[in-house]
Amino acid sequence: MTTEQLVRNTIIVGRVAYGIASRPPRDIVAAMFSFDLDGGDVDLDAVERIRAGDFDDWVSAAARSGLFSPREVEALARPWHADPRSLFEALLTDADDMTRRRYEIVWNSLDQADSREYA
């Protein structure tokens, strides 16, 4: 079925919308942004931004997606601010094992660098 046929078929569109609406927001975010940390090279800048609590790009993208109300966007961002690693883990949800390991090494090395810096 082509995209045009899908859009014109309101029964299928309704099922797709219902399918998305019935998923937990974390799963939707993971699906939307999983490519952000999965693309071969490790994106050190993205990891550093997440650790620093700079979630503006991800919050804006979630808001612009049209999948979430403003209240839902706020509810998505709240746990990211409380625990930045929660966004990091959501972005790695669909990553392969090697990608996940590479990013874990980067995250842990930044943790170690911070602990040495404050020692």
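Leaving aside neighbours within four places in sequence, Ile 50 is in contact with Phe 55, Trp 58, Pro 84, Leu 87, Phe 88, Leu 91 and Trp 107, where contact means heavy atoms within 4.5 Å. This is a predicted model, in which local features need pLDDT of at least 70 and side-chain atom pairs count only at pLDDT 80 or more, while totals for chains, interfaces and linings use all residues. Residues are numbered from 1 along each chain as its sequence is written, and side-chain values use heavy atoms, with hydrogens and water left out.

Ile 50 belongs to helix 4, in which Ala 46, Val 47, Arg 49 and Ile 50 are buried (under 20% relative accessible area, 1.4 Å probe, protein chains only; helices are DSSP runs of H or I, at least four residues, numbered from the N terminus). Seen down the axis of helix 4, these buried residues fall within an arc of 165°, so they line one face of the helix, the arc being that of the directions from the helix axis to the C-beta atoms. Helix 4 is followed by Gly 53, whose phi is positive, near 80°.

Ile 50 is also among the members that touch the most others in the largest nonpolar core, which has 25 residues, together with Phe 33, Trp 58, Phe 68 and Trp 80; such a core is a set of buried Ala, Val, Leu, Ile, Met, Phe, Trp, Tyr and Cys residues joined through side-chain atoms within 4.5 Å. Two or more residues of this core come from each of helix 3 (25-33), helix 4 (44-51), helix 5 (56-64), helix 6 (70-82), helix 7 (84-91) and helix 8 (97-117).

How values were computed:
Buried < 20%, exposed > 50% of the residue type's maximum accessible area, 1.4 Å probe, protein only.
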